[in-house]
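Thanks for coming. I will take a few minutes to walk through one structure, so please have the sequence and the model open.

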Amino acid sequence: MPPTQQETAEVDLGGRTVTVPRGGLYDRYRMNTDLGEVARDPRVSGVDFFRRLPKTRVDSPIGPTLTPNFYYRISTARLTMLAPSRAIRTRLPGELAPLEIAPGLGLVSVMFFRYDVCDIDFYTEAAVGIAVEPARHGRLGFFDLVAGLKNEHLDSYVLSLPVSTEIAQVRGHDGYGFPKWVTDLDVDIDDGRTTARVADDAGGTDLALRAATPAQRAHPSGERVSSLTSYTSINGAWHSTLSQTNVLSAGTTRMPRDVGLEVGDGRMADDLRSLKPMRTVRFDVVTEGQLALHMPVPTSVRSRNQQ
């Protein structure tokens, strides 16, 4: 776990002042992190993945910044559930359509993230999301759907995205348009056990997860790189955000039976209940990975009729 007592420094993000760990990666490098120093961190397996992704300076709602944001050591857990398309559509903007695996049946997910070494320092995150059809295409054929699920090139719309630090909240909300807020959020993932807890506004449980970690398989860096495109509206205009995950160790349990998901009281719990999830079909855990999160770019979104 990160230290509970640490000196902080104040930084400006688009006119908003946030605190970050003094002497941390963001305090010292402002997103232009020295990869050589990161490579010497014993928690990081290597930095070759990032050397192939040069950063670009861009203007953004949080001021000039470098993109992508690099996450050098991450672990993640994802529960994928079936849910009725009718319930999903009540939570989607009219321009987006659920990704259906069968008529009337879509996919929703609950995700937990732990970012141990990152350009904006340690933080944790959780999400309730909906799998959607690519915004600039018509309905996917069956083989397109199978290929997308198999290769993990997916599109999503996020309903909830709480985080544990101020800088992650401001960057995510103001810079990316995500529904982020700060809360107590614990995520611990290792080869044996996966646990997570998101606190609600009163300090109780919003969502919590307890499960055995699926058996892990190691992958050489660059062998398995998945991508996710998320859609957000920023100042009334649609944007897409690309994230690329370099999976180094991961495992999956299909039709899991021994996954304990506690749905309590809070914004995430309310969002999940509104989707009326029916059954968990996959439990995916990455005990070691790396991530490149690109800044959002404007995108055209087709107008769709609600079905």
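Aromatic cluster and its surroundings

Phe49, Phe50, Phe70 and Tyr72 make up one aromatic cluster. Keep in mind that this is a predicted model.

How many aromatic pairs are there by the count? The count comes to nine. In one of them, the ring centres of Phe50 and Phe70 are 4.8 Å apart and the planes are at 50 degrees, so this pair is tilted. Phe50 belongs to helix H3 (residues 48-51) and Phe70 to strand E5 (residues 69-84), so the pair ties together parts that are 20 residues apart in sequence. Phe50 is buried at 2% relative accessible area, and Phe70 is buried at 3%.

Phe70 also has a charge over it: the charged end of Lys55 sits over the ring, 4.5 Å from its centre.

Next, Asp119. This residue is in the loop between strand E7 (105-118) and strand E8 (123-132). Is Asp119 buried or exposed? Asp119 counts as buried, because its relative accessibility is 0%. Its side chain makes polar contacts with the side chains of Thr33, at 2.6 Å, and Tyr72, at 2.7 Å. Beyond its neighbours within four places in sequence, Asp119 is in contact with residues including Lys55, Phe70 and Tyr72.

Last, a hairpin. Strands E10 (residues 185-189) and E11 (residues 193-199) pair in the antiparallel sense over five bridges, with three residues between them. Leu185 stands opposite Val198 of E11. On E10, Leu185, Val187 and Ile189 form the covered face, while Asp186 and Asp188 form the uncovered one. In a regular strand, side chains alternate between the two faces of the sheet.

Conventions. Residues numbered from 1 in each chain as written. Predicted model: local features only at pLDDT ≥ 70, side-chain atom pairs only at ≥ 80, totals over all residues. Heavy atoms only, no water. Helix = DSSP H or I, 4+ residues; strand = E, 2+ residues; numbered from the N terminus. Buried < 20%, exposed > 50% of the residue type's maximum accessible area, 1.4 Å probe, protein only. Polar contact = N/O pair within 3.5 Å; in protein donor to acceptor, adjacent residues only side chain to side chain. Contact = heavy atoms within 4.5 Å. Pairing = 2+ DSSP bridges. Phe/Tyr/Trp six-rings, centres within 6.5 Å; stacked < 30°, edge-to-face > 60°. Lys NZ or Arg CZ within 6 Å of the ring centre and 35° of its normal.
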